[in-house]
2 protein chains.
Amino acid sequence: MFEFITVRELYEMILSNQPMETDSLEYVELEGWVRTNRNSGKIGFIALSDGTYFRNCQIVYEKETLKNAEEVAHISTGSSIHVTGKLKITPEAKQPFEIVATAIEVEGSCDEDYPLQKKRTSFEFLREIPHLRPRANTFYAMFRLRSILSMAIHEFFQSQGFIYVHTPIITGNDGEGAGEMFRATTIDNDDFENDFFGKEAYLTVTGQLHVEAFAMAFRDVYTFGPAFRAENSNTTRHASEFWMVEPEIAFADLEDDMDLIEDMVKYCIQYVLDNAPEEMKFFEQRIDKECIKRITHVRDSHFERMTYTKAIEYLEEAIANGVKFENKVYWGMDLNAEHEKYICEEIVKGPVFLTDYPKDIKAFYMRLNDDKKTVAACDLLVPGIGELVGGSQREERYDVLEAMMKEKNMTTDTLQWYMDLRRFGGCKHAGFGLGFDRFLMYLTGMGNIRDTEPFPRTPRNLKF
Amino acid sequence: MFEFITVRELYEMILSNQPMETDSLEYVELEGWVRTNRNSGKIGFIALSDGTYFRNCQIVYEKETLKNAEEVAHISTGSSIHVTGKLKITPEAKQPFEIVATAIEVEGSCDEDYPLQKKRTSFEFLREIPHLRPRANTFYAMFRLRSILSMAIHEFFQSQGFIYVHTPIITGNDGEGAGEMFRATTIDNDDFENDFFGKEAYLTVTGQLHVEAFAMAFRDVYTFGPAFRAENSNTTRHASEFWMVEPEIAFADLEDDMDLIEDMVKYCIQYVLDNAPEEMKFFEQRIDKECIKRITHVRDSHFERMTYTKAIEYLEEAIANGVKFENKVYWGMDLNAEHEKYICEEIVKGPVFLTDYPKDIKAFYMRLNDDKKTVAACDLLVPGIGELVGGSQREERYDVLEAMMKEKNMTTDTLQWYMDLRRFGGCKHAGFGLGFDRFLMYLTGMGNIRDTEPFPRTPRNLKF
């Protein structure tokens, strides 16, 4: 007589106005966790979360109906329970339906020192209990969104024939210049010849170099996995461990790269709006009231393209017209956030790719332009946060790459294999990197990268 | 007039007998890498791979037609080229079509010391050049299969509402007992208080403990990511870095767990047969002529369930009947490969779950059965390789878990958070671990785990 059902199934059935298929659907069985339990003696209400849907399910219980009414009245927040009851449609109420309980059993009780009581708790406090915080609304929304956005990434690339490559986490390359690295080791001294790998081993800062090798076999490839930075910086945008999306496309130039970035960003935004509507509505109501408007605008915008040199001209013009910046503007500088914000929000008023940056402020593998001063790089700036994606066409000419590495004082020995890709049927190719956790910050308006990650790792902070 | 097309599009169009939609389709433009180039003076043939399809595309060129015929005749294996030409259907020939070139241009030549010449090369040799081996047939098949199997995993779990959790790579838990661990560090001494995280940090050996915390919020979750073992063992089945799939289901017991494992294995097999037919055919022809038959049989089998105790009885009976094993058989032992093979291939003659192992040979978190001697664990054995998946129902009773940890001489301080999950609305739950790389070995018959991984890491071996 009782049919097991999830809260998601109930909401989807009722919100889509599907007729009840059988009588049995009126009687349901649910399992989940108590978010709140309040009662007025005769009648009580439990807000139940079963993990399948963002919204809770209201359970109504009456003292007279339940055998264990006294026990049920004292079920504490956080407990896991089994409920059987009758489904009642409530079109007039806040929630579209409720379950009138015929039986409620406690499976796992919840101790009094449970840190997630009804009162609102700060994100800082919740970071101390990463094992429990997915049960708090904001994180319950965030981590479902994180799962959905992961699938958006996979589906976008797979639907276009890209091959997913598991680039290595432990790497022998130290010369990538992308940041400070952790070492992976089994010793506690510097006798690296006797370490596990017989030499120094690092945790990867980027899968790009490795994935380039695969682009030379499969044409279109991507990697999506963890990356690391051992930088001792405690900002809201830096974590020691995070996930990166790094596609690489062969027989492609910077224009193709920017087309791909634009397509991917728009696809992901649409995917999230389609597949996480409840969660996005929550972020809009509680975290950032502009978030849906902002990403919808980006989805519907043409992404402008502007050279770095042109951007500097605009900034100089702005200064001449009285706009004040904290930092000096000159050709060759690395743009500051204030400059990116001005270009994006005041000049373009929408998403913009800045391209062709001075070679001295960019990585060694970016393709040198004919002017010999700039490289074929692009940064995607979006209103609200600035840089979201960085990409480039890669240097495919062996001699030019070698000269650039020399110019940047890099040793070539650990990267000879990478250089050799240029000698063995190399071709024009390009790629980019998207910081997955920062993308989540952008979509939701969450202000701290630690609040997008299941178990965030930062300097002197390793919780479990 | 020329339409850019991929080799996959050509094969799919022609093998499905789709009519040419427009005249323009007769003239095509291709880019890719030369696998072989042979010519007899007047006429030449290039086998072209463009990375999109397992089979090559045959390019025919005639000395009289090409402006640069002399250059084309000398294009070396590995070079990247652009081809324009006319599509010619060849129903009588080995390949269903060919491209009669009107122009061939070299984009990137290939030096003479290119290690992948026509002659067949050993897997051992190819492991020395992981940046180039995806271009060799076996690895070209393997790494596309790896990408496809990854999607099979995601699609299986996502279609059932599971939440994908990025469990951390760097962990503070050292007591999981699953094997030797790497440390992640920025120092070269043992002053861990001054290390990056202010304490010892390790590379994860399993995401299970972390993902259990998420199962208590989302009910059904999975993690799919890298895991590490710092074991100094050079076998064909062990790598220092590999990928694991670890689902966890709440309000579920061992039976539910085995149902899930069976569904997943069958789904993945079907997915691979549907989405990688060319690759699987290659493995059947070149690597293991039984592989398709073996996995098809598993897909079509009911997975038997047998207790460990019953298995011991069968083995003792076999010994009484004259069957010889290298290792002694007794209740309480960890089964050896020969025993698993006998149970699976001689007794059951198909896939079988062994269940309810002695507690002393299993992990601390497995649920103690009422007999107090065994735990609710299961290992899936399949014909051909033995153990493929290991799972268990987890101990949800705080006091029983605590006693088991004490019995196994574990310190509880770094795992208090994990134990607390039992105090705060814990519930019956279960999960399992699938070694993703070993699953690839099983599907293809490849004999060495190093040949399923893009850049394999093993003791004293860290290539790039």
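User: In helix H5 (residues 208–218) of chain A, how many residues are buried, and what follows from that for the helix?

Analyst: In general, an α-helix has 3.6 residues a turn, so residues three or four places apart point the same way. In this predicted model, 11 of the 11 residues of H5(A) are buried, so the helix is largely enclosed by the rest of the structure. The buried residues include Gln208(A), His210(A) and Glu212(A), as well as Leu209(A), Val211(A), Phe214(A) and Met216(A). Just after H5(A), Arg219(A) takes a positive phi of about 70°.

User: Which strands pair with strand E14 (residues 352–358) of chain A, and in which sense, parallel or antiparallel?

Analyst: In a regular strand the side chains alternate between the two faces of the sheet. Here strand E13 (residues 304–307) of chain A runs parallel to E14(A) and is joined to it by four bridges, with Glu304(A) partnered by Val352(A). Strand E15 (residues 374–382) of chain A pairs with E14(A) in the antiparallel sense over six bridges, and Leu354(A) has Asp379(A) as its bridge partner in E15(A). Six of the seven residues of E14(A) are buried, so this strand is largely enclosed by the rest of the structure.

User: How should I read the interface between domain 1 and domain 2 of chain A, and how much area do they bury between them?

Analyst: The size of an interface is often given as the accessible area lost when the parts come together. Domain 1 (3–108) and domain 2 (129–451) of chain A bury about 800 Å² between them, 47% of it on carbon and sulfur atoms. On the side of domain 1 of chain A, Arg35(A), Tyr53(A) and Phe54(A) lose the most area to domain 2, together 70% of what that side buries. Nine residues of domain 1 of chain A are in contact with eight residues of domain 2, and the centres of the two domains, taken over C-alpha atoms, are separated by 45 Å. Across this interface there are seven residue pairs in polar contact, but zero salt bridges.

User: How many salt bridges are found across the interface of chain A and chain B?

Analyst: Six salt bridges are found there, and in one salt bridge the side chains of Arg423(A) and Asp113(B) meet at 3.0 Å, N to O. Helix H4 (residues 137–159) of chain A gives the most to the side of chain A that touches chain B, with 11 residues. The two chains also share 41 residue pairs in polar contact, and they bury about 8600 Å² between them, 64% of it on carbon and sulfur atoms. The contact takes 107 residues from chain A and 107 residues from chain B.

Definitions and conventions:
Residues numbered from 1 in each chain as written. Chains lettered and ligands numbered in written order. Predicted model: local features only at pLDDT ≥ 70, side-chain atom pairs only at ≥ 80, totals over all residues. Heavy atoms only, no water. Buried < 20%, exposed > 50% of the residue type's maximum accessible area, 1.4 Å probe, protein only. Helix = DSSP H or I, 4+ residues; strand = E, 2+ residues; numbered from the N terminus. Pairing = 2+ DSSP bridges. Domains from an automatic or database assignment. Contact = heavy atoms within 4.5 Å. Buried area = accessible area lost by both parts, 1.4 Å probe. Salt bridge = Lys/Arg side-chain N within 4 Å of Asp/Glu carboxyl O. Polar contact = N/O pair within 3.5 Å; in protein donor to acceptor, adjacent residues only side chain to side chain.
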